[in-house]
Amino acid sequence: MSGNDSHGDSPLQGQSPDASTTEAVKQQAEPVTNGAPFDASKLVTSRNRITKDIRFRQMCIVTASASVLILVFLLGSLLVSGLPALSWTLLTGYPEPEPENAGLWPALMGTLWVCTMCALITLPLGIGTAILLEEFTPRNKLARNVLSLIQLNITNLAGVPSVVYGIIGLTAFVSMFSLFDDADSTDGPSMEMGAVYFDQFSNVASDPFLNTGDADARERYFLIPVDSRGAPVTVPKTGMLAYENGEAGFATVEILAIDPFTDEVSADADIMSRTIDNTSTPGRISEKQWYYLRLPFGRGVVAGALTLMLVILPVIIISTQEALRAVPATLRAGALGLGATPWQVVWNVTLPSAIPGIMTGAILAMSRAIGETAPILIIAGIVYIRSAPQHLMDDCTVMPLQIYNWIQRPQDEFHEIAAGGIVILLAILLTFNAVAILIRHRMQNKLR
Amino acid sequence: MSSTITRPKDPMGPSPRAKHDSKRHTASGHMRTDKPHDELPEKPATAIEMKDLSSWYGSFQALKSISLSVRKNKVTAFIGPSGCGKSTLLRWVNRMNDTIHTAHATGSLHLSDLDVMASTTDVVNLRRKVGIVFQKPNPFPKSIFDNVAFGPRLHMKLRRSELLDIVEWSLRKAAVWDEVKDRLHAPALGLSGGQQQRLCIARTIAVGPEVLLMDEPCSALDPGSTLAIEELMNELRNLYTIVIVTHNMQQASRCSDETAFFFEGKLIEMNDTRSIFTNPQSQRTEDYISGRFG
Ligand SMILES: Nc1ncnc2c1ncn2[C@@H]1O[C@H](COP(=O)(O)OP(=O)(O)OP(=O)(O)O)[C@@H](O)[C@H]1O
Ligand SMILES: [Mg+2]
């Protein structure tokens, strides 16, 4: 441009004679355009632009500080009402009906179980899907169209309200579309593993109506294993081996006698304590391993985790895709050029470079999962849960649900411990994020 | 510079390569490699042979019926105005165009005895044999050592000491050993652009290729680094067949044995570099090398 003198034959100059006369008038005022087809009088003074720049910066500062102020206000008011309510009881107690004894240990453990399960299921699924969509685009046109349809769906799913996912979770995971419902047994799962069933009997001494008169005879309960939930009721026999659930776990006990409710109860305290009271109806109880699995899942930890998975899976897929897209194509080309297979490229080059970005997305998604109430409310229902989950199918409640429950009560004391619960929930969230950010930071440093 | 390049014990010598080849590609290539050199004293063997190679991106034809042969252990320069298809041609030699969905080609391309364009060709092994260096240095965000060891780790099961030998040999061959030997475990991204590019060359030769493709390897570098890489090519021509794409006419005339001039997807002229630069047969070639267009 600077090479074009005003007398040159540059294409910018070719104008009709009358146009050049008007231009000449303008050029007298501002003769610096060098023949380019714009005139200098149209120049915006730089002072204007600088003022705009300052205005814009001020606007940014105002909006930024507004959001920070709102956050500080929220956190402040929360801490003011929540901190005094914090206590050891609140952390380790059970949700008793009296506010001063109530705690959220079951809800805390429920949150940990559900969110851990959710992360274990969602992260591999989500990252895998994103890798498929980003890194293994097929050459086949039809397959590509299918993938872009999936992509469209995922993008849309990210905006669906979480209540909807709760309802999907209820039909898909809790009852599994009633696919496993079985005509014979109306209650309970139709398929299960990891559980042992017992029939429980009591001894004579534990019968309050049977006054044995011997104070040494201990109250005892015996467990006799049965094959399955639906097995016929055990008929106790003399000489049978039973388990007793004692202080130090299960111990084997031999049944010495069966008392058919006659008058001739043995007077010997030892014999009496090992005599089954035949009139008591056996109760069927179960002992479940932590991996206890059943179909359908029912309202338990796994159903909750899977439902939360529905909520955060789109978020994780999309953020992983963004992270993968940010990895320069030249790195992939370099690895491919060295003879790496597509999988080796993903595993050795793309994923390591994308991990910090993937983790950012995962942190955001998991934070959302921890705080999510609506879908869990639908899955777990507002049931009173007194214990921390013991196995994957166990009923559970989560912290937001417990807090919600307390806030609904009329007493002010419950509102206070609810605030304390929110502080604990926030603390968990922040710890979790801090750990993840720390890991991300170390990885970024390793990459650099 | 050349005095710094010593070749103590060639860890990439026949053993790992031959072992690898016999495992995966018995019929291909290395019969020629093993031929005694004095059998063909003045007529060097052909490393790459193309016949009627045409290539399209969708419906746009980027290469029009290219036939040429690249001689073994020579430096061949591809020159031509921007957009004439030089990079496209290079990317067919190691089938990097496979990653572009719209790209397809007709015609034949042979690497020694290997039919590169056949759909049955093992591209992973092909790319090990045909290394490529790009315009912009692209070291992985890993340590210098891991960058060079990346390729060998992909293809071979090696003990640590063997890996170290390969890394050192490759870095020496690529003339960066002296600059990086004290910080092998420092991040590769901390190197200067010129060092990074030589690291990329080291990374490429560490897998024992037969052909080195270089797509404008010096265009992002300062004159000093450019000179270092040109000297390096001079050293490496004994070991590899080198194809270099360049926009720098001096570079092409300085360091290549043969030059091919492309224009709008067609091969206009290919000859000894000296002949091309002193006595071009085509008017277009003359215009281009004298800087009248392109
Ligand atoms: N991925 C692609 N999709 C569609 N067209 C492409 C693609 N890559 C290259 N082309 C086209 O093919 C032609 C040849 O491109 P190529 O990159 O081979 O040129 P080049 O000779 O290497 O140019 P330069 O010297 O600028 O690198 C160009 O017209 C380019 O627009
Ligand atoms: Mg190019």
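How far is a backbone N or O atom of Gly83(B) from an oxygen atom of ligand 1? I looked that up before anything else, bearing in mind that this is a predicted model.

**Ligand 1**

I got 2.8 Å for that Gly83(B) backbone pair. Then I checked Gly85(B), where a backbone N or O atom sits 3.0 Å from a ligand oxygen. For Thr88(B) I went to the side chain: one of its N or O atoms is 2.4 Å from an oxygen atom of ligand 1. I also looked at cover, and the protein hides 64% of the 630 Å² of accessible area that ligand 1 has on its own.

Next I went through the shell. I found 14 residues around ligand 1, with Ser82(B), Lys86(B), Ser87(B), Thr88(B) and His247(B) the closest. Strand E2 (60-71) and helix H3 (86-93) of chain B are the elements that give two or more residues each, and H3(B) gives the most, with four. By class I noted five nonpolar, six polar and three charged residues.

**Helix H9 of chain B**

I moved on to H9, residues 223-236, which has 14 residues. From first C-alpha to last I read 20 Å, close to the 20 Å expected. Its buried residues include Ala228(B), Ile229(B), Glu230(B), Leu232(B) and Met233(B). Among the elements covering the buried residues of H9(B) I listed strand E3 (75-79), helix H6 (160-173) and helix H8 (193-205) of chain B.

**Ser282(B)**

Last, I looked at the loop between helix H11 (273-278) and helix H12 (283-289) of chain B, where Ser282(B) lies. I logged Ser282(B) as buried because its relative accessible area is 18%, under the 20% cut-off. Beyond its neighbours within four places in sequence, Ser282(B) contacts Ile268(B) and Glu269(B).

Conventions:
Residues are numbered from 1 along each chain as its sequence is written. Chains are lettered from A and ligands numbered from 1 in the order in which they are written. This is a predicted model: local features need pLDDT of at least 70, side-chain atom pairs count only at pLDDT 80 or more; totals for chains, interfaces and linings use all residues. Side-chain values use heavy atoms; hydrogens and water are left out. Buried means under 20% relative accessible area, exposed over 50%, partly exposed in between (1.4 Å probe, protein chains only). Contact means heavy atoms within 4.5 Å. The expected span of a helix is 1.5 Å times one less than its number of residues. A residue is near a molecule or strand if one of its heavy atoms lies within 4 Å of it. A polar contact is a pair of N or O atoms within 3.5 Å; within protein, one must be able to donate a hydrogen and the other to accept it, and residues adjacent in sequence count only if both atoms are side-chain atoms. Accessible areas come from the Shrake-Rupley method with a 1.4 Å probe; for residues, only the protein chains shown count as cover. Ala, Val, Leu, Ile, Met, Phe, Trp, Tyr, Cys and Pro count as nonpolar, Asp, Glu, Lys and Arg as charged, and the others, Gly among them, as polar.
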